[in-house]
Amino acid sequence: MATFFDSFTPHEVARISAHGRRVKLPEGWSPIWEKTPADKAYIILDGTVSVRQHGDQIAMLGPGDIVGEAAIVGHKLRTATIVATS
């Protein structure tokens, strides 16, 4: 399965990492809420998250996946809530 980092060289991954900030979320916490303005995107380095729309789980994501970028790029409100599951 392809991940966000697969299309980048190790040097590019290092540059991306240098401009980000690591955060560790406890299980059950939500960094992104549906229908809120977008200000950050997250690359999952470890663990899993549940992607939920209208309270229903529509996907599970894990290491190498990115969340939150579509709302930033599209200048729209968030379309889903993200909940840390591990």
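Okay, let's start with a word we'll need: a residue is called buried when its relative accessible area is under 20%, exposed when that is over 50%, and partly exposed in between, using a 1.4 Å probe and protein chains only. By that rule, 24% of the 86 residues in our protein chain are buried.

Some housekeeping. What you see is a predicted model, where local features need pLDDT of at least 70 and side-chain atom pairs count only at pLDDT 80 or more, while totals for chains, interfaces and linings use all residues. Residues are numbered from 1 along each chain as its sequence is written, and side-chain values use heavy atoms, with hydrogens and water left out.

So, the overall layout. The protein chain has two helices and five strands, and along the sequence they come in the order α-β-β-β-β-α-β. Helices here are DSSP runs of H or I with at least four residues, strands are runs of E with at least two, and both are numbered from the N terminus.

What about dimensions? The C-alpha trace spans about 40 × 30 × 25 Å along its principal axes.

Now contacts, meaning heavy atoms within 4.5 Å. Take the contacts between residues at least 6 apart in sequence: 64% of them join residues at least 24 apart.

P31 gives us an example. You'll find P31 in the loop between α1 (10–18) and β1 (42–43), and P31 is partly exposed, at 26% relative accessible area. Leaving aside residues up to four places away in sequence, P31 touches L25, Y42 and I82. Compare P31 with T9: they sit 22 residues apart along the chain, and their C-alpha atoms are separated by 28 Å. For S7 and D65, which are 58 residues apart along the chain, the C-alpha separation is 13 Å. S7 lies in the segment before α1 and counts as exposed, with 61% relative accessibility.

On to charges. Side chains of opposite charge can pair when their charged atoms come close. We call it a salt bridge when a side-chain nitrogen of Lys or Arg is within 4 Å of a carboxyl oxygen of Asp or Glu. How many salt bridges does that rule give here? The count is two.

D39 takes part in a bridge with K40, where the closest N and O atoms are 3.2 Å apart. D39 also bridges to R78, and there the closest N and O atoms are 3.8 Å apart. Put together, D39, K40 and R78 are linked in a network of salt bridges.

Are these three buried or exposed? D39 counts as exposed, at 58% relative accessibility. K40 is partly exposed, with a relative accessible area of 37%. R78, at 6% relative accessibility, counts as buried.

That's my tour, thanks!
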